[in-house]
Amino acid sequence: MKTVQKEDTTKKDIQALFPVLIALCLIPLVILTKDYQTEFSKFPWFNNTELNQIDSFEYAKGILVIIMGAISAAVIGFSEYGKMQKKKRLFENVDLKVVILLAVYLIMVIISSLFSQYTNLAFHGGGYGQWQTMWVLLGYGMLFMYAYLFINSEKRGLLTIKFLMITTGILALMGVLQTLGHNPLSWKWVQNIITSQSDVEGIDFKEGVSNVILSFNNPNYVGPYIALILPVSAAFIFLRASEDRNKAILAKIAGALIVIGLVRTLVGSSSSAGIISVAAGVLLALFLILSGVFWGRRPEIEDPSDSNSQSHKKSKKGLIIGLCAAAVLVTAGIFSFQSSYVQNTISKLLEGGNDTRNVASIVNNKADELDITLRNDTHFTLAPKVDANGQFTITAYDDSKKPINIQQTAEQGKYTFSDKRFSMLTLNINNFSIENQVYSGFKLIDAPNSISWTFVFKDGKWRYYTPFGKFTRLHEVESFGFEDYQNIANRRGFIWSRTIPLMKDYWFKGIGPNAFIIAFPNDDFVGSKRVGDTTTLVDKPHNAFLQIYIQTGGLSALAYAGLWVLYIISGIRIFWRRRQYRSIDMIGLGLLVGIFSFAVSGITNDTIIGTQVIYWTLLGTGYAVNRIIRSGDRQ
């Protein structure tokens with residue numbers, strides 16, 4: 001009779017957690033190709049025609065997030081309405097600060113979308129492969145709130161983690177296969193399913209980039225995902241997943257295999273952000289665990305009638321576990337720092353300080369000349385002229401208006417500077433045939449780095465001819481910091497230095513969801529070539545906080561960060577000097593470490609649907625679990 005009753009309550013719990021379980025267990029696995037077109041032709045940094053593109057990893061996930069978010073909102077609304085009818089306080093078991101922060105975030109998402117000049121991107125997505133529309137962002141918030149409200153018992157918390165481990169196991173297996181060169185996404189029958197709604201016959205993967213991508217569109221996102229999930233998976237090993245002893249042992253073995261698979265996947269992805277954020281999480285976990293081992297206090301949940309010997313045994317056991325964990329981590333750390341993976345990670349962090357590109361800035365000034373700044377802050381001006389007869393001449397002078405000698409070489413049309421300050425530059429003067437018209441012009445070349453910029457005389461003005469076949473005037477681009485580290489962490493120094501100045505313009509409502517590519521100065525053709533040798537579009541800031549700040553405004557970014565800070569502080573308060581851990585405590589610690597690690601990875605990575613839906617749902621779960629732990633501590 002009890003078994004039947006237990007199965008019945010479990011079924012009800014699963015039904016109650018339906019949106020949460022779909023968000024954690026189904027959405028991360030969804031891969032379905034959508035055909036779409038990118039249209040930014042009105043901007044000088046884009047092609048003259050729209051581009052036909054496909055998305056396999058984000059759009060379909062976004063649709064499910066919207067659906068689950070809508071269901072969550074409806075259920076929450078119905079539940080709270082029922083409380084009102086019974087004259088109960090709305091959100092009575094929820095921290096009011098959490099509700100306020102979430103409300104601020106969601107309200108600013110709506111405002112930024114409604115008042116954006118790019119409403120098509122805000123409401124429908126697409127653009128340059130960005131699908132986090134207003135509806136998706138609202139869906140995150142609803143899933144967060146649903147998890148916070150409806151994971152209201154230890155049983156539901158354990159149930160959520162058990163279901164999460166099923167999907168984690170599938171992805172860990174996929175990751176291991178991908179590291180072994182047997183990517184399931186490349187299998188013909190899988191490709192047929194993925195492209196069933198598309199005109200393309202299959203998807204392929206970039207050469208020279210790791211194919212360890214799990215179900216995301218880039219190996220860069222594997223690191224943040226594993227940073228978030230690995231601590232939870234490790235905690236799962238220590239849970240009693242079943243009352244049946246054999247099943248409980250099998251669950252522990254499965255948990256251990258999942259952890260091994262995730263670590264192997266992390267190494268295979270070569271995600272630097274992943275190893276750094278996982279290391280940060282390990283330090284936090286070790287800090288909290290050892291605080292209980294060495295300075296632990298008798299927890300309130302401990303029965304006061306326990307004998308001193310029992311307390312001593314528990315303390316001794318905790319000490320042994322803590323010291324063993326520390327020994328394992330230190331040993332693993334020593335061996336890790338000898339591995340090429342970690343060494344490559346360190347190299348990426350230190351890379352970028354040695355900047356050899358010579359041209360730092362080129363600006364078309366009001367006199368229709370070119371003001372040029374070199375890497376060493378040396379300035380000079382090029383003054384090209386085309387007279388009424390079409391004759392071309394070019395002169396130059398430095399800051400003190402002193403002429404700079406330009407001399408012709410033996411090669412026709414090629415000129416050099418006799419002044420040693422500018423000897424690294426050359427000029428190639430020529431006529432350029434563009435769109436059936438001939439223009440006088442020249443190329444300014446950073447010779448040691450083989451980087452060039454083409455200028456032509458069009459409509460009575462000197463204009464830069466872009467790699468996209470357009471004419472534009474170069475302007476001064478505002479930057480902040482990273483002067484000698486533009487290339488650090490794969491050009492992130494350059495991207496951050498151009499993004500930070502935008503913060504003063506988008507502190508309130510932002511530019512709108514999915515529109516970062518428009519806010520960013522992609523017409524900084526000199527800066528882009530300087531760090532990458534070629535002009536590369538920047539469609540994301542590679543920083544979660546900056547991405548949210550620029551797109552939906554500074555207030556939304558602060559609210560987003562506030563939810564994380566509030567959770568981390570409350571979690572540390574719970575686990576600081578905690579001596580004993582129940583199953584729910586282990587889940588809480590795993591979630592705390594995972595969410596902390598995920599935020600660390602967000603320093604160098606932007607947000608995507610595949611990871612954000614898991615993060616938001618687990619953040620709500622973390623808040624709920626902390627509430628359960630506190631209520632248990634008081635019993």
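Buried means under 20% relative accessible area, exposed means over 50%, and partly exposed lies in between, with a 1.4 Å probe and protein chains only. The model is predicted, so local features need pLDDT of at least 70 and side-chain atom pairs count only at pLDDT 80 or more, while totals for chains, interfaces and linings use all residues. Residues are numbered from 1 along each chain as its sequence is written, and side-chain values use heavy atoms, with hydrogens and water left out.

**Exercise 1. Salt bridges**

Task: State how many salt bridges there are, and classify R421 and D419 as buried, partly exposed or exposed.

Solution.
Step 1. A salt bridge is a side-chain nitrogen of Lys or Arg within 4 Å of a carboxyl oxygen of Asp or Glu. Side chains of opposite charge can pair when their charged atoms come close.
Step 2. The count by this rule is 13 salt bridges.
Step 3. One of them joins R421 and D419, with 2.8 Å between the closest N and O atoms.
Step 4. R421 is partly exposed because its relative accessibility is 38%. D419 is partly exposed too, because its value is 22%.

**Exercise 2. Two further pairs and a network**

Task: Describe the salt bridge of D585 with R582 and that of K540 with D539, then name the residues of a salt-bridge network.

Solution.
Step 1. The side chains of D585 and R582 meet at 2.9 Å, N to O.
Step 2. D585 has 0% relative accessibility and therefore counts as buried. R582 has 25% and therefore counts as partly exposed.
Step 3. In the pair K540 and D539, the closest N and O atoms are 3.1 Å apart. Both K540 and D539 are buried.
Step 4. The network of salt bridges links D13, K155 and R156.

**Exercise 3. A nonpolar surface patch**

Task: List the residues of the nonpolar patch and find which element gives the largest share.

Solution.
Step 1. A patch is made of residues with over 30% relative accessible area and no salt bridge; like charges are joined within 9 Å, and nonpolar side chains (Val, Leu, Ile, Met, Phe, Trp, Tyr) within 5 Å. Accessible areas come from the Shrake-Rupley method with a 1.4 Å probe, and for residues only the protein chains shown count as cover.
Step 2. L96, I100, V104, W507, F508, L555 and L558 make a nonpolar patch of about 660 Å².
Step 3. Helices (H or I, at least four residues) and strands (E, at least two) are DSSP runs, numbered from the N terminus. Two or more patch residues come from each of α4 (96-114) and α18 (554-575).
Step 4. The largest share is that of α4, with three residues.
Step 5. F508 sits in the loop between α14 (488-499) and α15 (516-519). F508 is partly exposed because its relative accessible area is 36%.

**Exercise 4. A residue in a strand**

Task: Locate P384 and decide whether P384 is buried or exposed.

Solution.
Step 1. P384 belongs to strand β5, residues 379-386.
Step 2. With a relative accessible area of 2%, P384 is therefore buried.
Step 3. P384 and E369 are 15 residues apart in sequence, and their C-alpha atoms are 6.7 Å apart in space.
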